Amino acid sequence: MNRRNRGILIAAVALVLLSSFVWFGFFAPVGKEFQLYDRKRETVVFSVPIHAGDKLRLEIEHSFEHIPWYEFYTVREDDSFNLDAIAVAGYGAGIPAEMDVPTRVEGGLVWMEEINSVFPEFSWITSATYMKGLQLNGTEVFDFRSLPDASRIRGKIIIVRGYLTGVRH
């Protein structure tokens with residue numbers, strides 16, 4: 001191999017190595033996170049790794065009836081959220097009493113199951129009194145009462161890119 005061809009080969013290998021480093025360091029998808037974002041302050045208030053099939057449970061207190069309300073979601077392959085079930089301690093103002101889904105009473109709660117409503121993301125205005133906790137796979141991961149009252153929060157799944165930067169999209 002002559003000198004010129006060897007120089008071209010070395011340059012090509014260096015370019016491939018540099019391109020690979022840049023790709024993996026800054027652009028390669030490395031995972032997904034569930035993120036709570038404060039839309040007013042433009043800051044992330046919470047994030048946690050998440051995968052398709054993971055279960056979320058939102059706990060609220062009904063603002064008028066003052067009874068517990070739970071919502072159960074499953075993370076879908078397309079990064080949206082499937083509302084699987086609602087469990088609430090009775091019927092009253094704003095509680096969906098006539099949904100055409102299997103309904104049962106257990107442990108003092110009315111369970112409405114197989115709802116299968118899909119949400120691409122969540123948009124909440126929080127309440128320091130009535131919005132309680134968020135569980136991921138049975139573990140409490142966030143307490144909404146830690147936020148200022150009436151925080152404008154978006155919950156969605158984001159892609160984490162780059163092993164070196166931790167850039168989130």
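L9 is found in helix α1, which covers residues 3–27. Helices (H or I, at least four residues) and strands (E, at least two) are DSSP runs, numbered from the N terminus. The model is predicted: local features need pLDDT of at least 70, side-chain atom pairs count only at pLDDT 80 or more, and totals for chains, interfaces and linings use all residues. Residues are numbered from 1 along each chain as its sequence is written, and side-chain values use heavy atoms, with hydrogens and water left out.

**Overall layout**

- The chain holds 1 helix and 12 strands.
- Along the sequence, the pattern reads α-β-β-β-β-β-β-β-β-β-β-β-β.
- Of the 169 residues in the chain, 35% are buried. Buried means under 20% relative accessible area, exposed means over 50%, and partly exposed lies in between (1.4 Å probe, protein chains only).
- The chain's accessible surface comes to about 10,100 Å². Carbon and sulfur atoms account for 56% of that surface. Accessible areas come from the Shrake-Rupley method with a 1.4 Å probe; for residues, only the protein chains shown count as cover.
- Take the contacts between residues at least 6 apart in sequence: 54% of them join residues at least 24 apart. Contact means heavy atoms within 4.5 Å.

**Surface patch at the helix**

- L9 counts as partly exposed because its relative accessibility is 45%.
- M1, L9 and V13 form a nonpolar patch on the surface. Together they have about 320 Å² of accessible area.
- Patches are made of residues with over 30% relative accessible area and no salt bridge; like charges are joined within 9 Å, and nonpolar side chains (Val, Leu, Ile, Met, Phe, Trp, Tyr) within 5 Å.

**Nonpolar core and F144**

- The largest nonpolar core has 29 residues. F34, L36, L56, F81, W124 and F144 touch the most other members.
- Strand β5 (residues 81–88) gives the largest share of this core, 4 residues.
- A nonpolar core is a set of buried Ala, Val, Leu, Ile, Met, Phe, Trp, Tyr and Cys residues joined through side-chain atoms within 4.5 Å.
- F144 sits in the loop between β10 (139–143) and β11 (152–161). F144 counts as buried because its relative accessibility is 0%.
- Leaving aside neighbours within four places in sequence, F144 is in contact with L36, L58, W124, T126, M131, K132, G133 and L134.
- F144 and S127 are 17 residues apart in sequence. Their C-alpha atoms are 7.7 Å apart in space.

**The β4–β5 loop**

- S80 is found in the loop between β4 (68–75) and β5. S80 is buried, with a relative accessible area of 5%.
- The side chain of S80 makes a polar contact with the side chain of D78, at 2.5 Å. A polar contact is a pair of N or O atoms within 3.5 Å; within protein, one must be able to donate a hydrogen and the other to accept it, and residues adjacent in sequence count only if both atoms are side-chain atoms.
- Beyond neighbours within four places in sequence, S80 is in contact with T74, V75, V118, F119 and P120.
- D79 also has its place in the loop between β4 and β5. At 18% relative accessibility, D79 counts as buried.

- Phi of D79 is near 70°, a positive value in a residue other than glycine.
- Phi of A150 is near 65°, again positive in a residue other than glycine.
- A150 is found in the loop between β10 and β11. A150 counts as partly exposed, at 45% relative accessibility.

**Salt bridges**

- The structure holds 8 salt bridges. Each is a side-chain nitrogen of Lys or Arg within 4 Å of a carboxyl oxygen of Asp or Glu.
- D38 pairs with R41 in a salt bridge, the closest N and O atoms being 2.7 Å apart. D38 is buried at 2% relative accessibility, whereas R41 is partly exposed at 46%.
- D78 forms a salt bridge with R76, with the closest N and O atoms 3.4 Å apart. R76 is partly exposed, at 33% relative accessibility.
- R104 forms a salt bridge with E113, with the closest N and O atoms 2.9 Å apart. R104 is partly exposed at 29% relative accessible area; E113 is partly exposed at 24% relative accessibility.
- R104, E106 and E113 are linked in a network of salt bridges.
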